[in-house]
Amino acid sequence: MTIGRHSAVELDSSLDDYQLASALVREAGQLALLMRMAGLQSQQKTSVSDVVTAADHAAEAYVLEQLQRCRPEDGILGEEGTSVQGRSGRTWVIDPVDGTYNFLHGSTYWCSAIALKDSSDVLLGAIFQPEEDKLWLGGAVQPATLNGEPLTVFHDDGGARNSAAVAEIGAATYIHPTWLADPLCAMPWHAAATSAAALRMLGSGSCDLGRVADGQLGCWFQHSCPEWDWLPGKAIVCAAGGATDTVRVNGLEWFMAGGTTAVRELRAALESGSVA
């Protein structure tokens with residue numbers, strides 16, 4: 001198939017779900033990168049830092065077309081508006097370009113991500129960071145990998161990673177500046193942020209979660225994540241042997257990932273910021 005001046009591969013419907021997810025994020029990410037190299041305009045969504053480009057739409061359209069051909073019984077949900085009701089009880093959740101602000105401004109810290117879920121939980125996740133050629137993959141029946149190599153950080157250190165306290169490790173997070181003016185959000189965020197040994201705010205939740213799974217980042221927390229920002233990375237962190245959790249504080253849902261102890265301590269810190 002062709003989208004504008006950029007060609008994308010028609011995928012083989014006989015691929016299994018993990019192979020298909022890997023191929024989809026790789027092709028979508030490469031398509032977006034090619035379009036950026038050719039020049040892009042952007043449009044604001046909710047703020048100056050919440051933007052969308054033609055590459056987001058084209059990459060999502062590519063994934064939609066391939067899934068409708070390869071998995072016609074499955075549902076599809078995309079960040080840029082795709083919503084297809086399926087008959088199988090399974091749904092593919094698409095984030096064509098996660099970290100669009102980074103993408104638009106020339107940073108390499110962006111990715112394409114996809115998850116497959118059923119009515120009870122996420123089944124698998126795939127995240128591809130094109131400019132660093134990193135592809136994280138994992139799910140309920142396949143251990144997590146980075147470029148095909150097993151991710152063992154949660155298994156090979158005798159449990160040290162799962163028992164490490166937040167105060168001993170770095171935490172990745174994101175919060176839009178406007179939310180810091182709202183005490184109901186700022187108080188729990190501040191409590192969690194100040195509990196960590198170091199903070200990183202890099203602008204792509206899926207890239208962050210891939211790095212929690214491979215050990216580059218210690219833990220991660222963020223509020224109000226839509227499914228496409230959460231499920232791909234959740235699947236991979238869990239498949240790597242890490243922990244994930246959610247908690248509602250002051251009416252906002254908070255999402256966490258990391259080692260068992262860090263996630264427990266992040267939850268407690270966030271709850272300490274409750275006004276109730």
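In this predicted model, the side chains of R267 and E271 meet in a salt bridge, with 3.4 Å from N to O; the term salt bridge is used here for a side-chain nitrogen of Lys or Arg within 4 Å of a carboxyl oxygen of Asp or Glu. Both residues lie in helix α8 (residues 260-272), four residues apart, about one turn of the helix. Helices (H or I, at least four residues) and strands (E, at least two) are DSSP runs, numbered from the N terminus. R267 is partly exposed, with a relative accessible area of 28%, and E271 is also counted as partly exposed, at 38%. Buried means under 20% relative accessible area, exposed over 50%, and partly exposed in between (1.4 Å probe, protein chains only).

Residues are numbered from 1 along each chain as its sequence is written, and side-chain values use heavy atoms, with hydrogens and water left out. As this is a predicted model, local features need pLDDT of at least 70 and side-chain atom pairs count only at pLDDT 80 or more, while totals for chains, interfaces and linings use all residues.

The structure holds twelve salt bridges. Side chains of opposite charge can pair when their charged atoms come close. One of the bridges joins the side chains of R87 and E73, at 3.0 Å from N to O. R87 lies in the loop between β6 (83-84) and β7 (91-98) and E73 in the loop between α2 (54-70) and β5 (75-78), so this pair ties together parts that are 14 residues apart in sequence. R87 is exposed, with a relative accessible area of 61%, whereas E73 is partly exposed, at 39%.

A further bridge brings together the side chains of E132 and R211, at 3.1 Å from N to O. This pair links distant parts of the chain, with E132 in the loop between β9 (122-129) and β10 (134-139) and R211 in helix α6 (residues 205-214), 79 residues apart. E132 is partly exposed, with a relative accessible area of 33%, whereas R211 counts as buried at 5%.

Leaving aside neighbours within four places in sequence, L67 is in contact (heavy atoms within 4.5 Å) with L20, L24, P72, I76, W92, I94 and I114. The C-alpha atoms of L67 and A21 are separated by 9.7 Å, although these residues are 46 apart along the chain.

Turning to the whole chain, there are eight helices and 17 strands. With 276 residues, a compact globule would have a radius of gyration near 19 Å, and the 18 Å of the chain agrees; this radius is taken over C-alpha atoms, and the globule rule is 2.2 Å times the number of residues to the power 0.38. The C-alpha trace spans about 50 × 40 × 35 Å along its principal axes. Buried residues make up 55% of the 276 residues. Among contacts between residues at least 6 apart in sequence, 61% join residues at least 24 apart.

Finally, the mean pLDDT (the predictor's confidence in each residue, from 0 to 100) is 92, and 92% of residues reach 70 or more. Over residues 1-6 the pLDDT is below 50, and this stretch has 14 contacts in the model beyond near neighbours in sequence.
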